[in-house]
Amino acid sequence: MRIFLLALGLMLIGLWLNIVFNTYVQIGGLKINWILMFMLILTFRHSKLVIAFVGILAGLMMDALSHGIMGLYGTSFFLTLLLISQVNKLFYANTFFAISLAVFSMSIFEGWISLSILDMFEPGLELSSKMLTSTLPLALLQGLITPIILQFVIWGENLFLRDVA
Amino acid sequence: MFKFFNTYRLQFFIIATFIGLFMLMSQTHSNEGTSRFQSVVQTITYPLQASVNSIASTFKNLWYSYISLIDVNEENKLLRQQLLDMEEKMNQHIENSVQFLRLRNQLLFASKKITEKIFAEIIGESADNNHDISLINRGSNQLVQRNYVVLRKEGLVGRIQSVSPFQSSVQLITDHRSRVSALIQRNRIRGLIYGTHEGLEMRQINQHANIKIGDRIISSGLGGLYPKGLLIGWVKEIRHQKHELFKTAILDSAVDFKQIEEVFVIVPSKTDSHLFID
């Protein structure tokens, strides 16, 4: 229950950052996907399936605030978080570098999934071009700022999950 | 059967979730309307966006007021000189405008078009990097509806994509999904404006068409969504390979999409005329 509340809280903070912060601050013209970053880091640290389901809600909110095809980001977020919760122990170590690398690679994966689904609904989308010009630099940027977000998530965990630990 | 289901309960649940999400996607995509969930999310986020936008605007205005005081003396001298030049030009324009007003009144009388404009402020942007969407602070409570045309004095901005009670999302014409039927004003040659995220391209222009750099591009009114005569931009570059059937023109958009803060939503009139005079 506590992890669910923590995920929900971080998702709402991520949503706030997405709709307010991104409007005014864009590094290199790229809007950082804060919600996804929070969800990725939390899943890497806890591997709980419940986070993947919170990810659906986060994705639906992203859908509502962008293209309006409900379920597109919901699916890509869910699939990415589901994959992480199943395989993260294979390559994940709790270090800044490892988590940055993991967020980088999973951001690319999520971008690829969402663009592929988008391509199904909106033919003519230049998938490879979008991957190179938008998804890849964004994933790199998200990988770079991951340590800061990680510190914030750890702070949140100490606040919410301390008694459980 | 039950034992099998119980064993693989989680897997079934995950598959059912995926199926549900895909059904939701295809429903919202084919429905072409605003889903309730989207409306709820936009309604909830509206106060946040509107208040932050208001605070940011106040700070920005204060800052620009301060900046504008610098070099004001130099600017004053320059403006005085320009004023003298302008007075001379104005005499010519008065004569032209008298003629223009007379002709315009005739045209307005002929078309009997009454267009109502709803003023709106941009309060946010798309939450992702793949779509060119702007959020405005007018919604169904102000009678905004899906597919209403959004424009500025400079030219065409886009169309209303979805509506919630207090805010709406505008699909800009630079969005990769946007298509606007257009024509070259000088020689009435048709083409289709594609949004490319970086800007605008006019495609499917006849390979023998005579296009020049600087040609004005306006909406053609075909397709029924955008009215005829709205300025879209000017031809910046022409691309054509010998083996290609069509020419492509890269456009300079009339509207600076990175700078817009206010727009007008056009409430369509009930007359059949597509003539737009502004």
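Me: How many salt bridges are counted between chain B and chain A?
Reply: This is a predicted model, in which local features need pLDDT of at least 70 and side-chain atom pairs count only at pLDDT 80 or more, while totals for chains, interfaces and linings use all residues, and side-chain values use heavy atoms, with hydrogens and water left out. Residues are numbered from 1 along each chain as its sequence is written, while chains are lettered from A and ligands numbered from 1 in the order in which they are written. A salt bridge needs a side-chain nitrogen of Lys or Arg within 4 Å of a carboxyl oxygen of Asp or Glu. The side chains of E125(B) and K31(A) meet in this way, at 3.3 Å from N to O, and the count between chain B and chain A is one.

Me: Which element of chain B gives the most residues to the side that touches chain A?
Reply: Across this interface, eight residue pairs are in polar contact, both residues being at pLDDT 80 or more (a pair of N or O atoms within 3.5 Å, where within protein one must be able to donate a hydrogen and the other to accept it, and residues adjacent in sequence count only if both atoms are side-chain atoms). Helices (H or I, at least four residues) and strands (E, at least two) are DSSP runs, numbered from the N terminus, and on the side of chain B that touches chain A at least two residues each come from α2 (9-31), α3 (36-69) and β1 (116-125). With twelve residues, the element that gives the most is α2(B).

Me: How much area do chain B and chain A bury between them?
Reply: Contact means heavy atoms within 4.5 Å, and 36 residues of chain B are in contact with 44 residues of chain A. In chain B, M25(B), A127(B) and N129(B) lose the most area to chain A, together 18% of what that side buries. Buried area is the accessible area (1.4 Å probe) lost on putting two parts together, summed over both; here 67% of it is on carbon and sulfur atoms, and the total is about 3700 Å².

Me: What is the volume of the largest cavity?
Reply: On a 1 Å grid over the protein atoms alone, a cavity is a set of points where a 1.4 Å probe fits but cannot get out, and lining residues have an atom within 4 Å of a point. The whole structure has one cavity of 30 Å³ or more, and of its 19 lining residues the closest to the centre are N33(A), E110(A), G111(A), L138(A) and N130(B). Grid points are joined across faces, edges and corners, and a volume is the space filled by probe spheres set on the points. The largest cavity has a volume of about 180 Å³.

Me: What is the phi of L143(B) near?
Reply: L143(B) sits in the loop between β2 (133-136) and β3 (149-151) of chain B. Most residues other than glycine have a negative phi. L143(B), a residue other than glycine, has a positive phi, near 70 degrees.

Methods. 1 Å grid on protein atoms, 1.4 Å probe; cavity = no way out; pocket = protein on both sides within 12 Å on 5 of 7 lines; lining within 4 Å.
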